[in-house]
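Open the structure in your viewer and keep the selection panel at hand. The tour goes stop by stop, with something to select at each one.

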Amino acid sequence: VLKPDFFTVQFYNVAFKYIKKFYSDYNKAPNIDELIKIFQLKNEVVDESKIESLKNVRISVYVNEFIYKYIKAFLMVRVLNSQINKVSIKLKTETPDPDNINSIIDYVRSELSDKIDVEITNSGNGLSIYNIDDHVQKNKQTKSTGIEYLDLVLGGGYEPKTFVVFQGRAKIGKSMVMSNLAARAALLGNNVGIYTVELGADKYIKRVGANLFNVPSFEYEKYKTKDATENSILNESIKKYKKDNPNAGEIDIKEAPTGRASVLEKETYYIKYERKNNKKIDVIFVDYLNLLKPSDNSLNGNMYLSIKKICEELRKIAQRNNWCIVSATQIKTSSFSSDDLGLDSTAESSGLIATVDTLFGLMGQPGSPYLKMKCIANRDGGYMNSYANFVKDMNFFRLNEDLNDYLVRNHIPGIQG
């Protein structure tokens, strides 16, 4: 990531180029005498005072943590300055107006968010296939979903920096699955974000509230005023829930305009939420990805590239912010009547399949209480084409898992049916 133009002093700018070339050729940095010789061979002016300043540097007296901290800070400042210059040029060459202001703001967000990450890694040896110690697998830092089948397929549950998608036909119950998973996640102590560009926030809070607080959905029809909610079964149920579940996580529900909300706006919202509330978000549910807007406005109208870009951006912000992002998407209309879903059922973009960590299919008939959930793709491997059956309880917007069913039918190794 280090570039010659990061050095504002011309001597260091030139010296860095030659030092970098020397290191590339000989796998070591040149000493002072070698650097002087290189300058002479290249007919460069040798600044004696700058050479003396290099001689006085004693890296060995500093601990690695100190060196890492200050080098990274130097790089971040230089990268930030570079991106600010690019933004300034953009604003000077493209006058903001009502037609382009959204694309300009998305450009600024992208330049000051995507491009300023600085990663300094150790270029040590890789892993040896013949070294038994190198075969030790890292423990996955997962949090249970509250559904045994999902925990099994996901290797323990929600994992930071991953992107999970559920696909299904219209009206199959994608939003219900999302609200149910959000409620379970919070109950298990996760801080949850729900970013909805389909259902209104009031509808989502009804679904999650009915589930968590054990209040029938029809009871919500009574809550048309603040006074009605204060003296209600719901209010008492919330108090009981908080008393019985002191470690339950928070749930923040944010409604955004369909087709106008971008992934970067979503990221900005939850970064601000974390800072304001001093709480780390664990899982974010996005309902649903097809209704987001790609940051590149030139893709509007090209559904294949738009969905591909949206998926790439969702996975990128999941990795950047240590979130697990869960979303949903429509299948293509030709698969609506199918009893089974596969990779060829995904609408518009195979780019989604290439980007997600895990893809599940949701199958059933609209209006039916029965739902089948199938693992279609899994980056970490295992349980492909396995499935679980659920029964939907619409009074409380819950999914009830049939544990025996999936264990018997999916031929999972080690499980006897």
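Is asparagine 322 buried, exposed or partly exposed? Asparagine 322 has 36% relative accessibility and therefore counts as partly exposed; buried means under 20% relative accessible area, exposed over 50%, and partly exposed in between, with a 1.4 Å probe and protein chains only.

This is a predicted model, in which local features need pLDDT of at least 70, side-chain atom pairs count only at pLDDT 80 or more, and totals for chains, interfaces and linings use all residues. Residues are numbered from 1 along each chain as its sequence is written, and side-chain values use heavy atoms, with hydrogens and water left out.

**The whole chain**

Show the chain as a cartoon. It has 14 helices and nine strands; these are DSSP runs numbered from the N terminus, helices being H or I with at least four residues and strands E with at least two. The C-alpha trace spans about 85 × 60 × 50 Å along its principal axes. Of the 417 residues, 41% count as buried.

**Around asparagine 322**

Return to asparagine 322, in the loop between H12 and strand E5 (324–330). Its phi is near 60 degrees, a positive value in a residue other than glycine.

Now select lysine 171, in the loop between strand E1 (162–168) and helix H7 (174–187). Lysine 171 is not a glycine either, yet it has a positive phi of about 70 degrees. With a relative accessibility of 70%, lysine 171 counts as exposed.

**Helices H11 and H12**

Select residues 263–277, helix H11, and residues 303–321, helix H12. Their axes are 9 Å apart and the packing angle is about 20 degrees; axes are lines fitted to C-alpha atoms, for helices over the stretch in contact, and angles run from 0 to 180 degrees between N-to-C directions. H11 and H12 are therefore roughly parallel to each other; the cut-offs are under 35 degrees for roughly parallel, over 145 for roughly antiparallel and 65 to 115 for roughly perpendicular, with the rest oblique.

Show side chains next. Val263, Leu264, Lys266, Glu267 and Ile271 in H11 meet residues of H12, among them Ile310, Leu314 and Arg320; contact means heavy atoms within 4.5 Å.

**Helices H2 and H3**

Select helix H2 (residues 32–41) and helix H3 (residues 48–55), whose axes are 11 Å apart at an angle of about 155 degrees. That makes H2 roughly antiparallel to H3. Ile32, Leu35 and Ile36 in H2 meet Ile51, Leu54 and Lys55 in H3.

**Two buried loop residues**

Select threonine 145, in the loop between helix H5 (101–113) and helix H6 (148–153). Threonine 145 is buried, with a relative accessible area of 0%. Leaving aside neighbours within four places in sequence, its contacts include Leu150, Tyr158, Arg184 and Leu188.

Move to leucine 199, in the loop between strand E2 (192–196) and helix H8 (201–213). Its relative accessibility is 15%, so leucine 199 counts as buried. Beyond neighbours within four places in sequence, leucine 199 is in contact with Ser175, Tyr204, Arg207 and Glu255.

**Last stop: a cis peptide bond**

Which form does the peptide bond from aspartate 287 to tyrosine 288 take? The bond is cis, with omega near -15 degrees. Tyrosine 288 is in the loop between strand E4 (283–287) and H12.
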